[in-house]
Amino acid sequence: MEEGTKAKKTVFVGGIGDDVDESVIYENFATFGDVIEVQLPSAATNLHQQSEAKHRGFAFVTYSSTSDAQDAIDNMDLNELRGRVIKVNLARPMKTPMQLGGNRAVWESEEWLKQHVKPLNQSGGVQGRNAAKQNAGGEVVPSEDGDEIMEE
């Protein structure tokens, strides 16, 4: 199944209580269509504690069709589940590491630098231009302000 298609069939269920488990989610959301998967992300940060850990207060329910997912959203959003009002909407795909950067400049990324930046002697900067001018036969001499100029 393509990732874009799966996202449109998966709903986010937020605000669920500690007493809710995968079976409760399944029972309440199966009435809207064929449920393929229910995910209840664990709150454990340590892999050894996952059996003891509770969930993070939200779940993902994947349906076999987009219309079933939309029915669940239409009927369950802002409804009560075990004494708590839940928020149900279309699940959004996780951001990739490049998207997580937010307002960071692209050149702050090591991957971008490795791809796009040349060593200084190959970059064509001041030193590269001076080397090209010297090869063309002109003599490069420093000016009063520290910049280098070419004399012919």
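**Figure 1. The end of helix 3 and the residue that comes after it.** In this predicted model, helix 3 is followed by Leu78, a residue whose phi is positive, near 65°. Leu78 has this positive phi of about 65° although it is not a glycine, and its place is in the loop between helix 3 and strand 4, the latter formed by residues 80-81. The side of the question that concerns solvent is settled by the relative accessible area of Leu78, which is 56%, so that Leu78 counts as exposed.

Figure 2. Arg82 is found in the loop between strand 4 and strand 5, where strand 5 comprises residues 84-85. With a relative accessibility of 48%, Arg82 counts as partly exposed, because the exposed class begins only over 50%.

Figure 3. The buried side of helix 3. Helix 3 spans residues 66-76, and within it Asp68, Ala69, Ala72, Ile73 and Met76 are buried. These residues lie on the same side of helix 3, because they cover an arc of only 140° around the axis. Strand 3 and its two partners. Strand 3, made up of residues 58-63, is mostly covered, with five of its six residues buried. Strand 1, which runs over residues 10-14, pairs with strand 3 in the antiparallel sense through five bridges, and within this pairing Phe12 stands opposite Phe60 of strand 3. Strand 2, residues 35-39, also runs antiparallel to strand 3 and is joined to it by four bridges; here Val35 has Tyr63 of strand 3 as its bridge partner.

**Figure 4. The surroundings of Ala59.** Ala59 has its place in strand 3, and its relative accessible area is 0%, so Ala59 is buried. Apart from neighbours within four places in sequence, Ala59 is in contact with Val11, Phe12, Val13, Ile16, Ile25, Gln39, Leu40 and Pro41. For one of these contacts, Pro41, the separation from Ala59 is 18 residues in sequence and 6.7 Å in space, taken from C-alpha to C-alpha.

**Figure 5. The largest nonpolar core.** This core holds 21 residues, of which Val13, Ile16, Ile25, Phe29 and Tyr63 touch the most other members. At least two residues of the core are supplied by each of strand 1, helix 2 (22-29), strand 2, strand 3 and helix 3, and helix 3 gives the largest share, which is four residues. In soluble globular proteins, nonpolar side chains tend to be buried together. For Ile16, with neighbours within four places in sequence left aside, the contacts are Ile25, Leu40, His55, Gly57, Phe58, Ala59, Leu81, Arg84 and Ile86.

**Figure 6. Lys8 in helix 1.** Lys8 lies in helix 1, which covers residues 3-9, and with a relative accessibility of 54% it counts as exposed. Once neighbours within four places in sequence are set aside, Lys8 is in contact with Thr66, Ala69 and Leu90; among these, Ala69 is also one of the buried residues of helix 3. Between Lys8 and Ser65 there are 57 residues of separation in sequence, while their C-alpha atoms are 8.5 Å apart in space.

**Figure 7. The chain as a whole.** The chain contains six helices and eight strands, and these follow one another along the sequence in the pattern α-β-α-β-β-α-β-β-β-α-α-α-β-β. Of the 152 residues of the chain, 26% count as buried. Among the contacts between residues at least 6 apart in sequence, 58% join residues that are at least 24 apart.

Key: Residues numbered from 1 in each chain as written. Predicted model: local features only at pLDDT ≥ 70, side-chain atom pairs only at ≥ 80, totals over all residues. Heavy atoms only, no water. Buried < 20%, exposed > 50% of the residue type's maximum accessible area, 1.4 Å probe, protein only. Arc of directions from axis to C-beta. Pairing = 2+ DSSP bridges. Core = buried A, V, L, I, M, F, W, Y, C linked by side-chain atoms within 4.5 Å. Contact = heavy atoms within 4.5 Å.
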